[in-house]
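User: Hi! I would like to learn how the words used for a protein model follow from their definitions. Could you take me through this one?

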Amino acid sequence: MVVSIQSSSISSQLKEVRSLYEQGKEKHSSEDYSAAFGIFCETVKLQESLLGKYHKDTIKTYWRMGKAACMGG
């Protein structure tokens, strides 16, 4: 029973991470690079704890975070 509680908690956290990631992409698309960078920073912190530093999704977020930082000056 405890395992299913943890699984649902992880599942909801992953949904939150995906939502944050999409928000960051939207901000980047609208050229609000500062906001995108902040959202990607938040996203990557959660991804590192849930998925690990070297997971493909975490790496992709690092890339987008760097792109937002460069484009935002």
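Analyst: Gladly! Helices (H or I, at least four residues) and strands (E, at least two) are DSSP runs, numbered from the N terminus. By that rule, the elements here run α-α-α from the N terminus on, with three helices and zero strands. This is a predicted model, where local features need pLDDT of at least 70, side-chain atom pairs count only at pLDDT 80 or more, and totals for chains, interfaces and linings use all residues. Residues are numbered from 1 along each chain as its sequence is written, and side-chain values use heavy atoms, with hydrogens and water left out.

User: What makes the span of helix H2 close to the expected one?

Analyst: The expected span is 1.5 Å times one less than the number of residues. Helix H2 covers residues 33–50, which is 18 residues, and the expected value is 26 Å. From first C-alpha to last, H2 reaches 25 Å, close to that value. Just after H2, Gly 52 takes a positive phi of about 110°.

User: Why is Thr 58 called buried?

Analyst: Buried means under 20% relative accessible area, exposed means over 50%, and partly exposed is in between (1.4 Å probe, protein chains only). Thr 58 has 0% relative accessibility, so Thr 58 counts as buried. Its place is in helix H3, residues 56–72.

User: Why is Tyr 33 called buried too?

Analyst: Tyr 33 has a relative accessible area of 15%, and therefore it is buried. Tyr 33 is found in helix H2, where Ala 36, Ile 39 and Phe 40 are among the other buried residues. Across the protein, buried residues make up 23% of the 73 residues.

User: Which residues does Tyr 33 contact, leaving aside neighbours within four places in sequence?

Analyst: Contact means heavy atoms within 4.5 Å. With those neighbours set aside, Tyr 33 is in contact with His 28, Ala 68, Met 71 and Gly 72. Tyr 33 and Lys 67 are 34 residues apart along the chain, and their C-alpha atoms are separated by 8.7 Å. Among contacts between residues at least 6 apart in sequence, 46% join residues at least 24 apart.

User: How do you know that the side chain of Thr 58 makes a polar contact with the backbone oxygen of Gly 52?

Analyst: A polar contact is a pair of N or O atoms within 3.5 Å; within protein, one must be able to donate a hydrogen and the other to accept it, and residues adjacent in sequence count only if both atoms are side-chain atoms. The side chain of Thr 58 reaches that oxygen of Gly 52 at 2.9 Å. Beyond four places in sequence, Thr 58 also touches other residues, including Val 44, Gln 47 and Leu 51.

User: Which residues line the largest pocket?

Analyst: On a 1 Å grid over the protein atoms alone, a pocket is an open set of points with protein on both sides within 12 Å along at least five of seven lines, and lining residues have an atom within 4 Å of a point. Leu 14, Val 17, Tyr 21, Gln 47 and Lys 60 are among the residues lining the largest pocket. Helices H1 (2–29) and H3 each give two or more residues to this lining, and the largest share, five residues, comes from H1.

User: Why is Val 17 called buried?

Analyst: Val 17 has a relative accessible area of 4%, so it is buried. Val 17 lies in helix H1 and, not counting residues up to four places away, touches Thr 43, Leu 46, Gln 47 and Leu 50.

Conventions
On a 1 Å grid over the protein atoms alone, a cavity is a set of points where a 1.4 Å probe fits but cannot get out, and a pocket is an open set with protein on both sides within 12 Å along at least five of seven lines; lining residues have an atom within 4 Å of a point.
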